[in-house]
Amino acid sequence: MEGRDRPRDRHHDQPVVSSEVLPEQSDPRVRARVDEVRLEVVRLASLTLDAIRAGTEALVAGDLDHADRVVADDDAIDSLRHAVEDECLRIIALPGLCPADLRFVGVALRIAHELERSADLMVKV
């Protein structure tokens with residue numbers, strides 16, 4: 001709306017004030033859970049890359065048995081994705097989570113989805 005004065009919401013002009021100071025570092029128990037999610041995301045990425053490699057090899061070779069194994073192995077990737085997402089949601093609910101770890105958990109949710117989707121796309125090939 002160029003050229004026009006838009007009505008302003010009185011709440012948007014005021015600074016946001018938090019009643020709670022966020023910790024600079026997560027509670028050690030929370031941090032251990034975040035680190036475990038980090039490892040599980042790496043594991044999920046590894047499984048996804050293996051699925052892409054195996055699916056490509058099966059396609060190029062025309063090996064239906066190998067392709068069937070890729071499809072069967074996708075269930076493990078799906079399960080791991082759900083486990084990562086569930087743990088991320090549990091971590092978000094914990095007190096003592098620092099902003100950096102909260103951002104990582106949010107990114108891990110998205111990455112887990114994208115990795116699983118990539119493996120699913122390989123199954124469709």
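Start by selecting Arg-81, which sits in helix H2; helices here are DSSP runs of H or I with at least four residues, numbered from the N terminus. You are looking at a predicted model, where local features need pLDDT of at least 70, side-chain atom pairs count only at pLDDT 80 or more, and totals for chains, interfaces and linings use all residues. Residues are numbered from 1 along each chain as its sequence is written, and side-chain values use heavy atoms, with hydrogens and water left out.

Is Arg-81 buried or exposed? It counts as buried because its relative accessibility is 15%; buried means under 20% relative accessible area with a 1.4 Å probe, protein chains only. Now show the surroundings of Arg-81: leaving aside neighbours within four places in sequence, it contacts Leu-44, Ala-112, His-113 and Glu-116 (heavy atoms within 4.5 Å). The side chains of Arg-81 and His-113 make a polar contact at 3.2 Å.

Next, select all of H2. Its buried residues include His-66, Asp-74, Leu-80 and Glu-85, and what covers the buried residues of H2 includes H1 and H3. At the N-terminal end, find Asp-63, the cap of H2: a side-chain oxygen lies 3.1 Å from the backbone nitrogen of Asp-65.

Finally, colour the largest nonpolar core, which has 18 residues; Val-34, Val-37, Val-84 and Ile-91 have the most contacts inside it. Helices H1 (28-61), H2 (64-92) and H3 (99-124) each supply at least two residues of this core. Stop at Val-37: not counting residues up to four places away in sequence, it touches Val-84, Glu-87, Cys-88, Ile-91, Phe-104 and Ala-108.

Notes: A nonpolar core is a set of buried Ala, Val, Leu, Ile, Met, Phe, Trp, Tyr and Cys residues joined through side-chain atoms within 4.5 Å. Buried means under 20% relative accessible area, exposed over 50%, partly exposed in between (1.4 Å probe, protein chains only). A polar contact is a pair of N or O atoms within 3.5 Å; within protein, one must be able to donate a hydrogen and the other to accept it, and residues adjacent in sequence count only if both atoms are side-chain atoms.
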